[in-house]
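Please look over the structure shown below before reading on. The notes that follow are grouped by topic.

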Amino acid sequence: MLRLWELRSVAFTRAVFVEFFATLLFVMFGLGTSLHWPGAPPSVLQVALAFGLAIGTLVQAFGHVSGAHVNPAVTLAFMVGSQISFLRAVFYVGAQLLGAVSGAAIIQGLTPIEVRGNLSVNGLFNNTDAGKAFVVELFLTLQLILCIFASTDDRRTDIVGSPALSIGLSVTLGHLLGVGIGDCTQVVLQELL
């Protein structure tokens, strides 16, 4: 059921803007740490920690406004799990896509051409084909979604610690495995395009 009244809500507009802004920051931080600066190429650990710390920080800062999904897969999972409406999911995904493009454009504009290169667009590594990369990405996304649902479930009484920290660590874990296979999150998009 579409809840069109949501469109008139200030809270809805604020949440959509936060999804745009948080995704913009996430992409800026992630791309910024994965660029190949002379004399300081990024390590897998550096990139994984940057993405994990970025999402943990953004969830802590913006989670109360929009849920800080920052990822269309998370938004889709929340919609399928009846946590948000279809209308909200559509607007969130649109804002996330615009935020990602904007964050990449800012990094491209601020980075020297010799460092920018292909702006850390990645391919498949270590003899991994698209099918294997898709399966790995599916499991990495699944563990992230499970972590998010488990750490933010209001019905649980046994949660100790910070949901933002556990989500950040989940993203770090995913990157530690995914970077060696094909720099995770971007593999599926490249194969589809």
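**Contacts and confidence in a predicted model**

The model is predicted, and the mean pLDDT of the chain is 84.

**Glu 19**

- Glu 19 belongs to helix α1, which covers residues 10-34.
- Glu 19 is buried and has no salt bridge.
- The nearest side chain of opposite charge belongs to Arg 88, at 8.1 Å from Glu 19; a salt bridge would need a side-chain nitrogen of Lys or Arg within 4 Å of a carboxyl oxygen.

**Nonpolar core**

- The largest nonpolar core holds 38 residues.
- Inside this core, the residues with the most contacts are Phe 26, Ile 55, Phe 62 and Ile 167.
- Two or more residues of the core come from each of α1, α2 (44-66), α3 (72-80), α4 (86-110), α6 (130-152) and α7 (163-182).
- Helix α1 supplies the largest share of the core, 11 residues.
- In soluble globular proteins, nonpolar side chains tend to be buried together.
- Beyond four places in sequence, Ile 167 is in contact with Ile 55, Val 59, Leu 144, Cys 147, Ile 148, Ser 151 and Thr 152.

**Leu 98**

- Leu 98 is a residue of helix α4.
- Leu 98 counts as exposed because its relative accessibility is 56%, and the cut-off for exposed is over 50%.
- The C-alpha atoms of Leu 98 and Phe 20 are 6.5 Å apart in space, although the two residues are 78 residues apart in sequence.

**Thr 111**

- Thr 111 sits in the loop between α4 and α5 (113-116).
- With a relative accessibility of 6%, Thr 111 counts as buried, because buried means under 20%.
- A polar atom of the Thr 111 side chain lies 2.5 Å from the backbone oxygen of Ile 107.
- Leaving out residues up to four places away in sequence, Thr 111 touches Leu 35, Trp 37 and Arg 116.

**Confidence**

- A pLDDT of 70 or more is reached by 84% of the residues of the chain.
- Where pLDDT is low, the predicted coordinates should not be read in detail.

Conventions. Residues are numbered from 1 along each chain as its sequence is written. This is a predicted model: local features need pLDDT of at least 70, side-chain atom pairs count only at pLDDT 80 or more; totals for chains, interfaces and linings use all residues. Side-chain values use heavy atoms; hydrogens and water are left out. Helices (H or I, at least four residues) and strands (E, at least two) are DSSP runs, numbered from the N terminus. Buried means under 20% relative accessible area, exposed over 50%, partly exposed in between (1.4 Å probe, protein chains only). Lys and Arg count as positive and Asp and Glu as negative; His and the chain ends are not counted. A nonpolar core is a set of buried Ala, Val, Leu, Ile, Met, Phe, Trp, Tyr and Cys residues joined through side-chain atoms within 4.5 Å. Contact means heavy atoms within 4.5 Å. pLDDT is the predictor's confidence in each residue, from 0 to 100. A polar contact is a pair of N or O atoms within 3.5 Å; within protein, one must be able to donate a hydrogen and the other to accept it, and residues adjacent in sequence count only if both atoms are side-chain atoms.
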